[in-house]
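Hi,

I'm passing a structure over to you, with some notes on what turned up in it. Please have a look at it first and then read on.

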Amino acid sequence: MEMSKLAICPSCGKPVYFQGANNVAGCGCGKAWYRSGEELTEVKMQPIHSASEVIQPGTTGSWQGIAFTVTGRLRVRFEDQAYNYWTLDCNDGFTRHLAEGYGLHTILEALAFKEETVARKFRSDAQGLQLPDDRDFSVTARNESRLIEVEGNVLVQGKPDRFNSIEAMSETERVELVAYGETVAVAFDCHDVEPELLFLSNTREAEPEPTIFNCRNCNDQNYVLTFPYAQSWVCTQCGTRHSYLGGQYATRGGQQTYDQEFCFSIGEHLTLEGGDYRVVGLAHKYDTDSRADYWHEYTLYSKLHGFMFLTESAGHWTYLKETRHTPRPGDARLHRIEFDHVQFRRYSKYHYRILYALGEFPGDMFSKHEETECMDYIAPPQILSVEKDHQKRVTWFRGNYVPRAVIAEQAINPLPRAVGVAPTQPARISVGTGSIAKAGVVAWVLAVLVQLLTGSMHSNRVVLDLNYTFADSLNTQLFITEKFELEKESSAMELNFRSPVENSWLELNATLVNVVDGSEYSAEEGVEFYSGYEGGSYWTEGSREGTIHFKKIPAGTYILQLTAARDSNGYSRTSNFSAKLFYDPVTYRNMWIVIILLLIGPLVMGIMRYYSETSRWGNSAFANS
């Protein structure tokens with residue numbers, strides 16, 4: 001960590017501090033300065049006053065074992081959102097940044113690309129993005145700064161006159177490109193992190209002070225607590241909807257319904273997922289596609305965790321929170337998504353209309369909201385929800401079903417009665433872990449006892465132990481064994497074979513021939529094995545071992561005829577195989593009978609769950625997808 005550098009503000013003569021290599025700082029006189037050597041040049045930024053964010057200059061923490069001190073931030077107001085970019089002075093000698101807003105926290109590490117090379121990426125509006133190291137990404141958002149504010153002192157590249165951003169992701173990583181000027185831009189690797197894992201200390205305790213806007217309709221004073229993160233609100237006096245986007249004040253019409261009954265009021269507090277949230281917005285929404293679904297939505301705000309949305313529909317509760325840890329680009333078009341080792345199924349696709357609203361909301365809540373396309377994917381009790389707005393920007397939300405008791409113990413007003421099975425409601429039939437464990441132990445003990453009893457009655461004798469090699473010129477070849485005797489009146493036989501196939505296959509036809517009466521018993525089986533590398537991971541498919549079963553073979557003198565066929569590809573075909581023929585092998589049929597009997601109880605519960613799932617998916621257009 002480098003020492004601070006003190007400079008004198010050319011405007012008011014007060015000291016301006018720069019930590020280490022930082023080159024932009026604000027002064028109390030309202031000016032912001034860019035430092036180059038000993039020279040200070042004014043930049044088009046505004047110092048932040050009356051800040052209330054948890055993080056502040058002087059906040060300390062650590063990330064992946066690297067200690068850091070926050071020196072300052074740029075608060076960038078884009079068209080309909082605002083983000084903080086904190087500068088971190090790290091004890092490993094590097095400067096990193098912490099992008100923070102709406103409860104999302106991301107560590108940014110600069111990539112060593114030429115600034116002008118990265119800047120050229122901003123001159124294209126393509127949905128694909130390729131970095132100079134040939135990594136390919138899909139663009140998820142483009143943002144242009146409308147206003148840049150500074151607190152403390154920060155590090156930027158070159159003298160900044162803008163802060164434009166391109167966000168992009170691949171299947172495994174995410175990047176953000178930031179342009180500070182026409183030819184100056186930096187690419188950052190993004191590492192999403194939960195705020196608790198930053199181990200922050202020396203944080204700010206001040207409560208937010210509301211920003212006051214006068215209603216354009218009735219001139220009443222509107223107090224917006226979370227501005228500039230919330231940029232839409234409703235006048236409490238006349239119900240007119242407003243927004244302040246990109247420095248432009250606009251009205252967005254009035255209410256379509258009135259006298260809504262909500263379970264919580266503006267200003268009440270709820271504790272969800274370990275966070276203390278304040279209710280800042282209420283909305284009554286309507287599905288314009290089905291024209292049958294209505295729901296209440298509560299906008300919650302926490303200084304540390306940002307915004308969360310709590311929905312109530314038919315007496316069931318679900319929370320949703322924006323996330324940057326999302327499925328792969330393009331997965332939103334699928335009916336099923338494999339994400340975080342969980343399979344989510346598409347439940348709904350819809351557009352909505354806001355019939356009633358009160359309070360304040362993040363972003364552009366009311367402008368063209370009916371053009372927002374929404375899709376929900378469920379894996380009860382989890383939900384993934386994706387929204388694509390009129391500008392084609394995609395936002396993912398992740399959430400969970402909230403048990404009614406969690407809401408009831410915090411609500412003052414009575415809750416609506418729960419009706420039906422909610423999309424994310426956990427299955428009504430559930431068995432405790434202890435009961436499952438006990439049943440498993442009993443099933444195992446009984447199955448082992450039955451298997452020991454029946455297994456002792458079988459000889460399980462090796463009749464033949466064979467090894468064969470193909471002639472180089474043949475891909476199909478017949479092999480015949482010596483004679484052997486079978487004593488039992490009727491018994492099963494089992495031929496286990498193996499071949500060292502590698503990206504190849506082997507087919508084996510086995511025929512038992514009674515040399516006295518000529519009767520034959522045939523069966524066939526094949527093996528194949530493939531492997532390779534994809535996306536940096538090793539994969540395999542198939543097996544090199546197979547088993548052929550014979551049932552009820554009479555006593556007598558036999559030979560075994562083996563017709564083996566192999567892949568004709570000279571580079572990968574196998575050259576040999578081995579086999580063992582077992583007489584009167586041990587069977588596991590009785591053991592499976594015992595296990596099946598023990599599964600009757602779970603089977604009954606499964607049937608009951610089936611009817612529960614039928615009810616869950618009864619309102620979904622994707623039940624059969």
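**Starting at the surface**

Glutamate 507 has a relative accessible area of 39%, so it counts as partly exposed. (Buried means under 20% relative accessible area, exposed means over 50%, and partly exposed lies in between, with a 1.4 Å probe and protein chains only.) A word on the source: this is a predicted model, where local features need pLDDT of at least 70, side-chain atom pairs count only at pLDDT 80 or more, and totals for chains, interfaces and linings use all residues. Residues are numbered from 1 along each chain as its sequence is written, and side-chain values use heavy atoms, leaving out hydrogens and water.

Glutamate 507 sits in strand β37 (residues 504-514). (Helices, H or I with at least four residues, and strands, E with at least two, are DSSP runs numbered from the N terminus.) Together with Glu524, Glu525, Glu528 and Glu541, Glu507 makes up a patch of negative charge on the surface. Strand β38 (residues 520-534) supplies the largest share of this patch, 3 residues.

How is a patch defined? Its residues have over 30% relative accessible area and no salt bridge; like charges are joined within 9 Å, and nonpolar side chains (Val, Leu, Ile, Met, Phe, Trp, Tyr) within 5 Å. Asp and Glu count as negative, Lys and Arg as positive, while His and the chain ends are not counted. The place of a charge is NZ of Lys, CZ of Arg, CG of Asp or CD of Glu.

There is a nonpolar patch on the surface as well: Leu597, Ile600, Val604 and Met608, with about 380 Å² of accessible area together. (Areas come from the Shrake-Rupley method with a 1.4 Å probe, and for residues only the protein chains shown count as cover.) Helix α5 (residues 600-616) gives the most to that patch, with 3 residues. Isoleucine 600 belongs to this helix, and its relative accessibility of 45% makes it partly exposed.

**The chain as a whole**

The chain holds 5 helices and 41 strands. Its C-alpha trace spans about 115 × 60 × 40 Å along the principal axes. The radius of gyration is 34 Å, whereas a compact globule of 625 residues would have one near 25 Å. (This radius is taken over C-alpha atoms, and the globule rule is 2.2 Å times the number of residues to the power 0.38.) Of the 625 residues, 48% are buried.

**Salt bridges**

How many salt bridges does the structure hold? There are 30, where a salt bridge is a side-chain nitrogen of Lys or Arg within 4 Å of a carboxyl oxygen of Asp or Glu.

In one of them, glutamate 149 meets arginine 75 at 2.8 Å, N to O. This pair links distant parts of the chain, with glutamate 149 in strand β14 and arginine 75 in strand β8 (residues 66-77), 74 residues apart.

Another bridge joins the side chains of glutamate 502 and arginine 544 (2.4 Å, N to O). Here too distant parts of the chain are linked: glutamate 502 is in the loop between β36 (484-498) and β37, arginine 544 in the loop between β39 (537-543) and β40 (545-566), 42 residues apart. Glutamate 502 is partly exposed at 33% relative accessibility, as is arginine 544 with a relative accessible area of 23%.

**Backbone details in the loops**

Two cis peptide bonds are worth a look. One joins phenylalanine 227 and proline 228, with omega about 10 degrees, and proline 228 is in the loop between β19 (221-224) and β20 (230-234). Another joins proline 380 and proline 381, also with omega about 10 degrees; proline 381 falls in the loop between β31 (373-379) and β32 (382-388).

Tyrosine 102 is not a glycine, yet its phi is positive, near 60 degrees. It lies in the loop between β10 (95-101) and β11 (104-110) and is buried, with a relative accessible area of 9%. Alanine 314 has a positive phi of about 55 degrees. Its place is the loop between β26 (306-313) and β27 (316-322), and at 42% relative accessibility it is partly exposed.

Happy browsing!
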